Amino acid sequence: MNTQNSLSQIYLDANATTPVLPKAAAAALATMETMFGNPSSSHISGLQAKQIMDNAREKAQKVLGSGNGSVIFTSGATEGIQTGILSALYSAKSQMETGKTYTILYGATEHKAVPESLKHWNTILEINAQIKAIPVNRDGDLDLEFIANEVPNALMICTMAVNNETGVFQNLSHLEQVIRKHNTNVYWMVDCVQALGKTTLELANTSIDYAPFSGHKLYGPKGIGFVYIRENAPFTPFIAGGGQEGGLRSGTENLPGLAALNIIFDMLLSNNDESFTDVVQLHKFREQLASALKKSFPEVVFNHSFKNSVPTTLNFAIPGFSSKEMMDLFDAANIRVSSGSACSSKVTRSFVLDAMGLPAWQSESAIRMSFGPAMTQIQIDTACERIIQSAKALGRSCLTFDSNQISPKENLNGLVQFKVGGSCTWLYVDQTSKSAIIIDPLAEITERLSTILNCQNLTLTAVIDTHGHADHVSDRGRLADKLTPIQETDPLGWPISCNYKVLNGHRYPMIKVGEKYLVKVATPGHTDDSISLILCSEADTELKIDYVFCGDMILMGSLGRTNFATSSSEHMHHSIQLLHNIIGNESLLCASHDYNNEFVTTISAEMDRNTLLAQVINNDIPVTDFVAQKVGLDKNINDEVGSEIMCGAFIKSCNKKKVTDYNSQTLSDAMSQSSDMTLIDIREPHEYVLGHDQQFGLNVPLTRLVDFISAHQDKSEPLVLVCRSGSRSHIAAQALARLGYKNVGHLKGGYALNN
Ligand code: PLP
């Protein structure tokens, strides 16, 4: 198998955008350098420019089969969508009868440009029709019965030819039959952005009124698009001005874009252009990628059927791995993929997969691989090889486990923090005794924990909840049954038979984890069963406290709520003072929640921003006043943030701390001036194992940051954090600065922008 060299990127995100093909880029460049005339000028330069534009239009009409319809050049599909919607709704408005109610219909899986533009123009034009999403079934097909019922009353219906997240195509002729049977006049727009070059379009043979397209989805540059308008369909210019495009769309035309489109259209119209691969081969490419995924991740689930989707898209989820994790992994392997829609990369789940009724985890973990007709066999082979390498790298980090696969494993030791939304699970590993404890296990990561324990050959000494959780179901039982040596425990998982340890003059129940002690202190308040767990070790004659797992009592920026049936704020007041007497101001508090990415805290860090906590610690507030204040605070709890129940009254998030932003130049200058500067690579180990960037300095993945903090109490040492994009390094640097590290910086833009 011939594959590409390991540094070259394999771009599998064509549905977001494509590179400009060299031939198209050369044509665009020529119009910028030599054929740069204005198509409206009547001199020779202008005439040459106009010819480029006329050629592009003529070819576009052929590619679209637009017959007597017109093709107008735009800045992209979003503008084409505005043009179609404005034209349709403005015309529909003049035909509306008073007293009648109207609807506007759009497919539930439509690109956001469509529903958002519908809402916008419905308001601006004061149409006030009811905008309704047409449901789709599990396969992503539009509900034709819904359309049949609703379309008689509709002013406009918007559907899409091919979906950008799943590649699912609609049967446009079935759709047309249903629409026209029930409403011959309704304006129909079909978003054809993802269909160009992937399916044949004979638009004039249909009753589609408007069809927007975009150049950058098919190897053209960004900033050029076009919209088809059926002959006699109403038209209102979206941009008025100098009268270009026959007055239909003003503004000097994008000549470089048009020159590039000319080349793309030539390729689409030619029967023997070798730059574009035929459909049969594209199907083979998808099959090849799918089988590499199945081989590497046997549990992979595809989120759409390959039968009703174009061959250039695969959308899948891998159980136990979030989209973000998979994207980071593939990015490290130099394969560019996307999660959900790239246009809204902050969104953590896919509304398209939600609309198809897929389980939440599939929507939250969705990864899309997409390519275009210029894809080559060598790129597909390389992609498959890298997918297999990526899976192996996860195995080495013990995130996947195949007992037959003997590969070198990173030995885990110390504290690991897992997060699901704002909730935390803590795993403590003692590598010497091969034992581990888990605190506050979340169901979402049970499989991951089991894999790690198996892979690292660890025995689970105990799995304990810090209280009966109200916001989520604990998975303690399932883990305990699977892994802990049979032992009798109380309902929170604390072993019935245990030893005792004296802390601060009092005897508390204790179990051993290797050479360390895990001590249980009852700290009721948030709930009556709340406990705090103190992990400590013998140091000289004293006990050294490593970590305090305080559940929902002291949260970062807040105190746990005390308005549950078994809560008592009076008890919480007492519990805070008791715990403080045992652990002091500087022990690391590992709470059950981390709503703001702060990882860990200390009582002194909390007292700086939480006056109520400071008053309790300093004994400055009578219990009755604390109770009254707590009632006030708990009233303000936003019961649910997204799907999470908040467990603490929000008091104050931390003010952003100053951390130094470095770029590669300032970082290298700073390092040559300061010999004690430590670089910390904050990526997961599998990322740099795969990566083609070397690992710098120490590796401390985010899940191990608290362990690092515990081991590095010298807060004056200069630290610089680095990751792939600068996002994780910034979060971690902020957390360190908040905990009093005085000299923290990070590489802004990460490796991605500083290579
Ligand atoms: N419609 C679909 C289906 C798309 O995939 C996109 C881009 O992601 C758009 C519309 C918007 O296109 P443009 O970026 O050209 O405005």
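**Setting up.** I am working with a predicted model, in which local features need pLDDT of at least 70, side-chain atom pairs count only at pLDDT 80 or more, and totals for chains, interfaces and linings use all residues. Residues are numbered from 1 along each chain as its sequence is written, and side-chain values use heavy atoms, with hydrogens and water left out.

**The ligand.** I looked up the 14 residues around the ligand and noted that Thr78, Asp191, Gln194, Ser214 and Lys217 come nearest, where a residue is near if one of its heavy atoms lies within 4 Å. I then turned to polar contacts (pairs of N or O atoms within 3.5 Å). An oxygen atom of the ligand lies 2.4 Å from a side-chain N or O atom of Lys217, and a ligand oxygen is 2.9 Å from a backbone N or O atom of Ala77. The protein covers 89% of the 390 Å² of accessible area that the ligand has on its own, by the Shrake-Rupley method with a 1.4 Å probe.

**The sheet.** I traced 6 strands (DSSP runs of E, at least two residues) in an open sheet of mixed pairing, in the order β17-β18-β19-β20-β21-β24; two strands pair if DSSP finds at least two bridges between them. β17 (499–503) and β24 (588–591) stand at the edges with a single partner strand each, so one side of each is left without a neighbour in the sheet. I also noted that β17 and β18 (residues 506–513) pair in the antiparallel sense over 5 bridges, and that Leu503 stands opposite His506 in β18.

Technical notes: Polar contact = N/O pair within 3.5 Å; in protein donor to acceptor, adjacent residues only side chain to side chain. Helix = DSSP H or I, 4+ residues; strand = E, 2+ residues; numbered from the N terminus.
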